[in-house]
Amino acid sequence: MVSPFRQHRRILVASLVGTTIEFYDFYIYATAAALVFGPLFFPAESPSAQLMLSFLSFSLAFIARPFGAVLFGHFGDRIGRKSTLVASLLLMGISTLLIAFLPTYSTAGWIAPLLLCILRFGQGLGLGGEWGGAALLAVENAPPGWRGRFGMVPQLGAPIGFLAANGLFLLIGLQLSDADFAAWGWRIPFLASSILIVLGLWVRLKINETPEFTQALAQNPPVSIPFWELIRKHALITFAGTFTVVACFAIFYLSTAFALAHGTTTLGYDREQFLITQLAAIAFLAAGIIIAGIRADKASANQVLSWGCAATIGLGLTFGPALGAGSLWLVWGMLSLALFIMGFVYGPLGVWLPSLFPPQIRYTGVSVAFNAGGILGGALAPIIAQALTDAGGTSLVGLYLTMAGIFSLAGLKLVGKLMPDNMSEYKKRKDTD
């Protein structure tokens with residue numbers, strides 16, 4: 001018998017490539033924001049102020065993502081998943097590529113940060129339609145009993161994209177002096193994104209529309225305004241889904257963008273040394289995603305998410321002290337644990353969020369909930385963490401993670417009340433499978 005993974009490999013590759021590009025594009029900006037964008041684009045009185053301004057530009061994409069979710073969700077629910085995913089990839093990719101050609105503040109004045117923020121907003125707009133479409137591409141093609149494992153495939157784009165982004169920054173840093181890296185070396189990862197964009201377009205143009213969406217269109221005409229339908233009939237479940245997403249974003253950006261900035265400035269670690277530490281830790285994210293996806297098919301995505309949220313609450317109590325302890329081995333151990341736990345609050349989302357919405361508005365619902373959760377959990381995380389560190393050290397930073405875990409667990413419990421019997425819609429799908 002042919003493995004379902006092998007049978008649907010083109011679909012799964014198309015979903016994985018998209019989220020890999022998403023995280024690569026997003027994280028090369030996060031890495032550059034942590035390392036060089038402050039002094040290059042945001043002159044200020046102190047390095048800490050420069051870093052906070054740099055992180056503010058980073059957060060712009062999170063603000064743009066819900067708008068992208070509504071825009072691309074509209075066409076994804078009316079025209080189809082395939083065409084919309086191609087459009088979102090193009091917008092995201094072109095915005096990322098153009099950052100490589102930007103002038104700095106020293107050569108263009110205030111125009112430089114303005115253009116950077118515009119392109120960052122364009123990145124976020126495209127990203128707003130990417131994750132939801134990739135998740136639906138996998139899940140809506142899943143054979144019976146395989147939704148959790150198919151839903152985890154696009155999630156693996158997070159560690160792969162991170163490895164590609166940080167790995168490239170590491171190689172560049174090893175070859176260039178600090179002066180050359182700040183002058184032009186940081187532009188190379190943005191230029192290299194064009195290779196991934198071409199690959200992603202080639203794969204996506206060869207796939208077909210998902211059978212579940214095609215069947216839904218055959219039974220009923222598309223909804224005129226999917227977002228209005230979502231607000232009118234599914235507002236509370238969208239709200240609950242949004243809060244459930246918060247923990248995964250908080251863990252990722254505190255363990256990556258903030259940790260990198262803190263480690264290479266306050267703690268004084270060598271940039272390449274800390275990048276290697278993070279690269280060694282990211283493997284635990286991939287392991288967590290795979291275990292969570294398998295377990296979601298064996299039990300339920302709801303159960304796995306509950307474990308992850310509870311673990312996040314406990315993680316916050318030790319994250320800050322471990323990060324500020326001054327031992328790189330201890331930092332690596334804490335980042336590895338944090339990213340492994342993230343696998344349990346991120347891996348099941350690929351199957352869990354689509355189970356909350358009917359096919360006619362699913363692209364919009366999934367995208368809005370995921371990206372609105374990104375604002376709460378991701379956009380503010382590096383900024384708040386930097387402010388807390390300035391105020392009282394990293395011991396306060398873990399409180400943000402604890403609160404994120406509480407918010408996500410509350411959202412999960414609310415979904416349980418809105419959809420009784422432990423997510424009846426998800427159970428119904430499993431029974432049908």
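The model is predicted: local features need pLDDT of at least 70, side-chain atom pairs count only at pLDDT 80 or more, and totals for chains, interfaces and linings use all residues. Residues are numbered from 1 along each chain as its sequence is written, and side-chain values use heavy atoms, with hydrogens and water left out.

Trainee: How many cavities of 30 Å³ or more does a search of the whole structure find?

Mentor: On a 1 Å grid over the protein atoms alone, a cavity is a set of points where a 1.4 Å probe fits but cannot get out. Points are joined across faces, edges and corners, and a volume is the space filled by probe spheres set on them. The largest cavity holds about 50 Å³. The search of the whole structure gives a count of two.

Trainee: Which helix gives the most to the lining of the largest cavity?

Mentor: Lining residues have an atom within 4 Å of a point. Here they are Phe23, Cys248, Phe249, Phe252, Tyr253, Met342, Tyr346 and Phe370. Helices are DSSP runs (H or I, at least four residues), numbered from the N terminus; helix H13 (226-264) and helix H16 (328-346) each supply at least two of the lining residues. With four residues, the top contributor is H13.

Trainee: By class, how many residues in the lining of the largest cavity are nonpolar?

Mentor: Ala, Val, Leu, Ile, Met, Phe, Trp, Tyr, Cys and Pro count as nonpolar, Asp, Glu, Lys and Arg as charged, and the others, Gly among them, as polar. This lining has no polar and no charged residues. The nonpolar count is eight.

Trainee: Which element gives the largest share of the lining of the second largest pocket?

Mentor: A pocket is an open set of points with protein on both sides within 12 Å along at least five of seven lines. This one holds about 220 Å³ and is lined by 16 residues. Helix H2 (9-41), helix H3 (47-78) and helix H19 (381-392) each give two or more. The largest share, seven residues, is from H2.

Trainee: How many aromatic pairs are there?

Mentor: Rings of Phe, Tyr and Trp (its six-membered ring) pair if their centres lie within 6.5 Å; planes under 30 degrees apart are stacked, over 60 edge-to-face, the rest tilted. Ring pairs link Phe23, Tyr27, Phe62, Trp131, Phe162, Phe249, Phe252, Tyr253, Tyr346 and Phe370 into a cluster. The pair count is 26.

Trainee: Why is the pair of Tyr27 and Phe252 edge-to-face?

Mentor: Tyr27 is buried (under 20% relative accessible area; exposed is over 50%, partly exposed in between; 1.4 Å probe, protein chains only). Its own value is 1%, and Phe252 is buried at 2%. The ring centres are 6.1 Å apart, and the pair is edge-to-face because the planes stand at 70°.

Trainee: Which residue lies over the face of Trp146?

Mentor: A charge sits over a ring if NZ of Lys or CZ of Arg is within 6 Å of the ring centre and within 35 degrees of the ring normal. Trp146 is buried. At 3.9 Å from the ring centre lies Arg149.

Trainee: Is Phe101 buried or exposed?

Mentor: Phe101 lies in the loop between helix H4 (81-99) and helix H5 (105-108). Beyond neighbours within four places in sequence, Phe101 is in contact (heavy atoms within 4.5 Å) with Arg187 and Leu191. With a relative accessible area of 57%, Phe101 is exposed.
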